[in-house]
Amino acid sequence: MDDLSRPNRTVIWPAIALVFMMLSASLAIVATPVDSGAQEAAKDASMQALQLAKFYYKKGEYKEAAKLFHRAYAIDPRPEFLYNAARSEQRSMAFADAEANFKRCLALPKASAAVVKRVRLHLEEIAQVRKALADAHAAGKAAAKTPEKVTGKEAELAGMSDIKT
């Protein structure tokens, strides 16, 4: 009875092997090189996204520019496209995204010395802005804890004439 309740192992393993062979064959089909027409279309799409991104950047619409620079980078992974996306994020004050993408630029083997130099400069700028914001925030908290003395004239102008000075 035990033999009937267990599946026959000699049948299961070849079936599993056949499934893996079919999956690997389908992956091989997906991984085949793209024909030159498709490559040309991808290059055109990348350039269109790049031109539109530059347009939005010049208009000061940095969030939209960043999206389009990312789209261009996804199609054609040039370090300059990722740099431009990070720079757009920095200009839109999305400092965490900008910092992450600048660091990704530094890790790219194709990044030129000029890109690396600019990335390091912008990472330093982000660090300085964060420090200035933290200092301002701390100063604001300190100022809120120390109430100013309100003079009688100031109280009257502010509509708080019932305050005694």
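Reader: How do the axes of H3 and H5 sit relative to each other, roughly parallel or roughly perpendicular?
Author: This is a predicted model, and in it the axes of H3 and H5 come within 12 Å and cross at roughly 25°. Angles under 35 degrees count as roughly parallel. So H3 and H5 are roughly parallel.

Reader: And which hand does the crossing of H3 and H5 have?
Author: Keep the crossing angle of roughly 25° in mind. As H3 passes H5, the crossing is left-handed.

Reader: Which residues of H5 does H3 meet?
Author: On the H3 side, the residues are Ser-46, Met-47, Leu-50 and Tyr-57. Taking both sides of this contact, there are four nonpolar, two polar and two charged residues. The H5 partners are Phe-81, Arg-87, Ser-88 and Arg-91.

Reader: What covers the buried residues of H3?
Author: The buried residues in H3 are Ser-46, Ala-49, Leu-50 and Ala-53. Ser-46 and Leu-50 also turn up in the contact with H5. The cover includes helix H4 (62-75) and helix H5 (79-91).

Reader: How far does H3 reach from its first C-alpha to its last?
Author: H3 runs over residues 36-59, which makes 24 residues. At 1.5 Å a residue you'd expect 34 Å, and the model comes close to that. The reach is 35 Å.

Reader: Is Met-93 buried or exposed?
Author: Met-93 lies in the loop between H5 and helix H6 (95-107). Its phi is positive, about 65°, although Met-93 is not a glycine. Exposed means over 50% relative accessible area. At 62%, Met-93 is therefore exposed.

Definitions and conventions: Residues are numbered from 1 along each chain as its sequence is written. This is a predicted model: local features need pLDDT of at least 70, side-chain atom pairs count only at pLDDT 80 or more; totals for chains, interfaces and linings use all residues. Side-chain values use heavy atoms; hydrogens and water are left out. Helices (H or I, at least four residues) and strands (E, at least two) are DSSP runs, numbered from the N terminus. The expected span of a helix is 1.5 Å times one less than its number of residues. Buried means under 20% relative accessible area, exposed over 50%, partly exposed in between (1.4 Å probe, protein chains only). Contact means heavy atoms within 4.5 Å. Axes are lines fitted to C-alpha atoms, for helices over the stretch in contact, and angles run from 0 to 180 degrees between N-to-C directions. Angles under 35 degrees count as roughly parallel, over 145 as roughly antiparallel, 65 to 115 as roughly perpendicular and the rest as oblique. A crossing is left-handed if the near helix is turned anticlockwise from the far one by less than a right angle, and right-handed if clockwise. Ala, Val, Leu, Ile, Met, Phe, Trp, Tyr, Cys and Pro count as nonpolar, Asp, Glu, Lys and Arg as charged, and the others, Gly among them, as polar.
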